[in-house]
Amino acid sequence: MRLMLVRHGQTPANVERSLDTFLPGPGLTDLGARQAEALVEALAGQDVQAVFASEATRTQLTAQPLAAARGLPVQVLPGVFEVQAGALERRTDETSITAYITTLQLWRDGDLDASTPGGEDGHQMLERVDAAVGSVCDRGLESAVLVSHGALIRTWSGLRCTGTGDLAAEPLDNTGIVTLEGDQSSGWRLVSWQKTPAGGLVDDLPDTAEADPTGAG
């Protein structure tokens, strides 16, 4: 199947460079809402048989315009929420952000035992996401959109599909899209990695990728 992993639209936490990972989390900024609307046209040429979103408010709000345009419901998919920051939740300081990003890099390097203080380790992340994505594959769909989160999409894709190379360490802006083909049994391959917003709406984003910790490379 073809799985299009879409990062949610911009949130206040993204602008504040905050590690905001707990559920249900914040909604969208005005720009984030416009980015969600822009997904309708950006994906107009794609076959979309189902639209899924995590349990977070921001992913469901991002998915709603696309789902409505296709006459589909937004199906909430447990298990694809953001990589948990644990004791670093809501922090904005450089030390905390570096610790979070370093943990993701350690997972990509093979150290799945690593975690932030009070956060999940790589084994736990893979177990929950694999189960969720596997449930999508079991539905017999040929294509689906899953609106999820920056750190989760980048890290899970880097660990579970071939052809990513160093792309898994690249930034993924709000409404960036990672497209994969395959399934949980035969494996996944990378089709495309669009790290910029799908609708081209980038005004009011942080000045650098590093200012947005869950989307930073």
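**Salt bridges and a helix pair**

Let's start with D93, which is partly exposed because its relative accessible area is 29%. For that word, buried means under 20% relative accessible area, exposed means over 50%, and partly exposed is in between, using a 1.4 Å probe and protein chains only.

Quick housekeeping: this is a predicted model, so local features need pLDDT of at least 70 and side-chain atom pairs count only at pLDDT 80 or more, while totals for chains, interfaces and linings use all residues. Residues are numbered from 1 along each chain as its sequence is written, and side-chain values use heavy atoms, with hydrogens and water left out.

Back to D93: what does it pair with? D93 makes a salt bridge with R91, and the closest N and O atoms are 3.8 Å apart. By salt bridge I mean a side-chain nitrogen of Lys or Arg within 4 Å of a carboxyl oxygen of Asp or Glu. R91 is partly exposed too, at 38%. By that rule, we get 8 salt bridges.

Another of them joins R2 and E181, with 2.7 Å between the closest N and O atoms. R2 is in strand β1 (residues 2-7) and E181 is in strand β6 (residues 177-183), so this pair ties together parts 179 residues apart in sequence. Strands here are DSSP runs of E, at least two residues, and helices are runs of H or I, at least four, numbered from the N terminus. R2 is partly exposed at 25%, and E181 is partly exposed at 23%. Shared partners also join R2, E181 and R189 into one salt-bridge network.

Then there's E16 with R90, a salt bridge at 3.7 Å, N to O. E16 sits in the loop between α1 (12-15) and α2 (30-42), and R90 in the loop between β3 (74-76) and α4 (94-108), 74 residues apart.

Now the helices: at what angle do α5 and α6 pack? Helix α5 (residues 122-137) and helix α6 (residues 150-160) pack at about 85°, with axes 11 Å apart. Axes are lines fitted to C-alpha atoms, over the stretch in contact for helices, and angles run from 0 to 180 degrees between N-to-C directions. That makes α5 and α6 roughly perpendicular, the label for 65 to 115 degrees. Contact means heavy atoms within 4.5 Å, and the residues making it include M125, L126 and V129 of α5 and L152, W156 and L159 of α6.

How values were computed: Parallel < 35°, antiparallel > 145°, perpendicular 65-115°, else oblique.
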